[in-house]
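Hi,

Here is the structure I promised to pass on. Have a look at it first, then read my notes below.

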Amino acid sequence: MALVLWYGGHLVIQSKMSAGDLTSFILYTLMVSMAVGTLSNLFGDFMKSIGASERVFQLMDRTPKVRFRGGDTPLQFKGLIRYENVFFAYPSRPDVIVLKGVDLECKPGQVVALVGPSGGGKSTMVALLEAFYYPVSGHLTIDGVDIRDLDPEFLHDKVGLVSQEPTLFAASISDNIAYGIKGKKVSIDSIIEAAKHANAHDFITSLPQGYDTLVGERGVRLSGGQKQRVAIARAVLKDPTILLLDEATSALDAESEYLVKKALDELMQHRTTLVIAHRLSTVKNAHKVVVVESGTIAQEGTHEQLMSQPDGVYAKLVQRQLQKD
Ligand SMILES: Nc1ncnc2c1ncn2[C@@H]1O[C@H](COP(=O)(O)OP(=O)(O)OP(=O)(O)O)[C@@H](O)[C@H]1O
């Protein structure tokens, strides 16, 4: 630009060029240089996109180790769960046996609370029921059908999971509640109904955009208790036969805790519920408490039965951990 000004200036002084022509020339030079500059940015973006799309195609081409569809879709699905001598090790650590011969029965409509020290295998038992993995040996059956033989899509339709850290997506609250209802059109009325059952309707309507409020990536714009109630509303709408629940350990304020607990109590009604319990009230109300320790079932019975064995793992666990209520 300096060169153009210097040389162009000379030409103007020598009357070989008009000032207007010089100005036009400078303007055109600027336009061309800007265009060339953008072109180099474009090249950078292009190379970045090539790298990113390679990764996208790699993901699209991945074939899951667990079957996706196909299999039994029983007409009657009552939700009788049976673990029969189940052994399991995670594929990433095949030498570490996580479940060592688990036997357990959960009758339809029963609430079964899993308790036990951290790392005992409670979450793993739940993950097997979602068919995220299959047992290495033994059988896990629902209504007598081995989980391997069930159509995974059918299974996921019948099994609802409310985890400690609910997975919310960067979408509206109503989309997040309706998430997972496949193929069917979900009416806003049924979404509102589900939110009411989950004690979420009041907080949602108090937001400026109500059910259209965007929750942000992973629901960052909602509090812990609000996120949990949206996840509960999602489960209510899905109306699963089997409910898997991982009770939150994170501290909620008293009001949120009360609302979440009430919503969960309602959700658990008339379903086979397997709950990883952290609260004394949950285990007290459960039909059966199961102590999972080092991949085996150490004790099984009602809260009262287990408390009558003061030297048992459960009684000690209650004294140490489950005091908070
Ligand atoms: N994805 C995984 N890959 C490999 N090992 C795992 C995986 N998830 C859990 N484990 C291991 O399996 C064992 C049981 O873990 P699990 O999460 O089932 O226990 P838990 O009883 O639910 O514990 P917590 O109460 O802390 O959640 C642990 O030793 C853990 O390290």
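A quick term before we start: a residue is buried if 20 or more other C-beta atoms lie within 10 Å of its own, exposed if 12 or fewer, and partly exposed in between, with C-beta atoms placed from the backbone. Keep in mind that this is a predicted model, where local features need pLDDT of at least 70, side-chain atom pairs count only at pLDDT 80 or more, and totals for chains, interfaces and linings use all residues. Residues are numbered from 1 along each chain as its sequence is written.

Six of its eight residues are buried, so α3 counts as mostly covered. The buried ones are Lys 122, Thr 124, Met 125, Val 126, Leu 128 and Leu 129. Just after α3, Ala 131 has a positive phi of about 60°.

Next, the ligand. Around the ligand (C-beta within 6 Å, placed from the backbone) you'll find Tyr 90, Ser 92, Arg 93, Val 98, Gly 116, Ser 118, Gly 119, Gly 120, Gly 121, Lys 122, Ser 123 and Thr 124. By type, the shell has two nonpolar, eight polar and two charged residues (nonpolar: Ala, Val, Leu, Ile, Met, Phe, Trp, Tyr, Cys and Pro; charged: Asp, Glu, Lys and Arg; polar: the others, Gly among them).

Cheers

Conventions. Helix = DSSP H or I, 4+ residues; strand = E, 2+ residues; numbered from the N terminus.
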